[in-house]
Amino acid sequence: MNETSADRSARSYPVPADEALRLRELQRHQLLDHAGDHHFDRIAKLASAIFDMPIALISLVDHDRQWFLSREGLEVSETPREVAFCAHTIASDEVMVVPDALQDERFSSNPLVLSPPGIRFYAGAPLRTKDGHNLGTLCVIDQKPREFSPEQKQQLRMLADLVMREIEWRHDSSLCPVTGLSNRGALFSVGQREMEQARGAAEPMALICLDIDNFRQINNRWGHPAGDQVLLDFSRLCKGFLREQDFIARLGDEEFVILLIGRGGEAALQLAEQIRDATSRMSGVFSHSGYQLSISGGVSALAHDDTSFGDLVQRAERALELAKTNGRNQIASLLRS
């Protein structure tokens, strides 16, 4: 994902300042290359009807392509990013309008203008996540020049908000209902992609497995609502130590996994110890009872002979078992080059 200034200047489209994080967020929403969906298709049809446009698209802008989550009036499912109007739209938070592409120096020689579908008019609203990253656009297209009023811009933005609300709802519905964290399936999907990217960029990657010690005692003594609150408080504490590119998931009842992007084993070991120390000072439902919360942890890092993300997970879980066997309330590591 790393690009030089020469790479950026060679592009025929602007590259957003948050490009690496934007692409990571797009991947983690797991939308690309899915089969058609009638909920998104309805919004595309509605946009086409409201603005009386022959083409309406829900476009997701990937590293080197734009892929259509839904399309009305267009047969192809994707185009190269270098010819995508939407690649320009995501560089801003505003609705982008091109009244006549033949009169716009950015697009006058674009093959999508000079040959089918023969774009002349374009209006696109970015699909912006809660964290402020533009995944793509909702856009409408015509084969003749047009004007677009401020009211129409606002209508297009509201429709884009509907698309984004549906996307976020689907993403959130797959999260743990107690902690709001991703599950095991999402961890392995994200982890495998991150591993491939780390290998391609020759960058480090590390994993921390954390387990709340004697968690069953908390449920038995204070009840399951109190246990749920501990899980929520602990997940919030962990997230406070992470950068935006890192990833955290709830793997089991009281087991959490943190994927560290661009950091190696020693940095992961240090972070795990910081979390362990902060956990011992964490207040909560038992803060006046004399009970002290503790965690055990296992740390590993990407090794040259790992064939899958599962290898990294298994090694970190073995390290976690070592920490628990040795008496808990400690961090163990299994690191190799």
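**Burial and packing in a predicted model**

Visitor: Why is phenylalanine 51 called buried?

Guide: In this predicted model, phenylalanine 51 has a relative accessibility of 1%. Buried means under 20%, so phenylalanine 51 counts as buried.

Visitor: Where is phenylalanine 51 found, and which residues does it touch?

Guide: Phenylalanine 51 is in the loop between helix H3 (38-50) and strand S1 (55-61). Leaving aside residues up to four places away in sequence, phenylalanine 51 touches Val140, Arg146, Phe148, Gln152, Gln155, Leu156 and Leu159. From phenylalanine 51 to leucine 156 the C-alpha distance is 8.8 Å, although 105 residues separate the two in sequence.

Visitor: What makes the buried residues of H10 lie on the same side?

Guide: The buried residues of H10 are Gly265, Ala268, Leu271, Ala272, Ile275, Ala278 and Thr279. They cover an arc of only 145° around the axis, and therefore share the same side of H10. Glu266 and Gln270, on the other side of H10, are exposed.

Visitor: What covers the buried residues of H10?

Guide: The cover includes S7, H9, S9, S10 and strand S11 (331-333).

Visitor: How do you know that the span of H10 is close to the one expected?

Guide: H10 has 16 residues and reaches 23 Å from its first C-alpha to its last. At 1.5 Å a residue, 22 Å is expected, and the two values are close.

Visitor: Which residues have the most contacts inside the largest nonpolar core?

Guide: They are Ile208, Leu210, Ile212, Phe234, Ile258, Leu260 and Ile275, in a core of 29 residues. Another core, of 28 residues, lies apart from it, and phenylalanine 51 is among its members.

Technical notes
Residues numbered from 1 in each chain as written. Predicted model: local features only at pLDDT ≥ 70, side-chain atom pairs only at ≥ 80, totals over all residues. Heavy atoms only, no water. Core = buried A, V, L, I, M, F, W, Y, C linked by side-chain atoms within 4.5 Å. Buried < 20%, exposed > 50% of the residue type's maximum accessible area, 1.4 Å probe, protein only. Helix = DSSP H or I, 4+ residues; strand = E, 2+ residues; numbered from the N terminus. Contact = heavy atoms within 4.5 Å. Expected span 1.5 Å × (residues − 1). Arc of directions from axis to C-beta.
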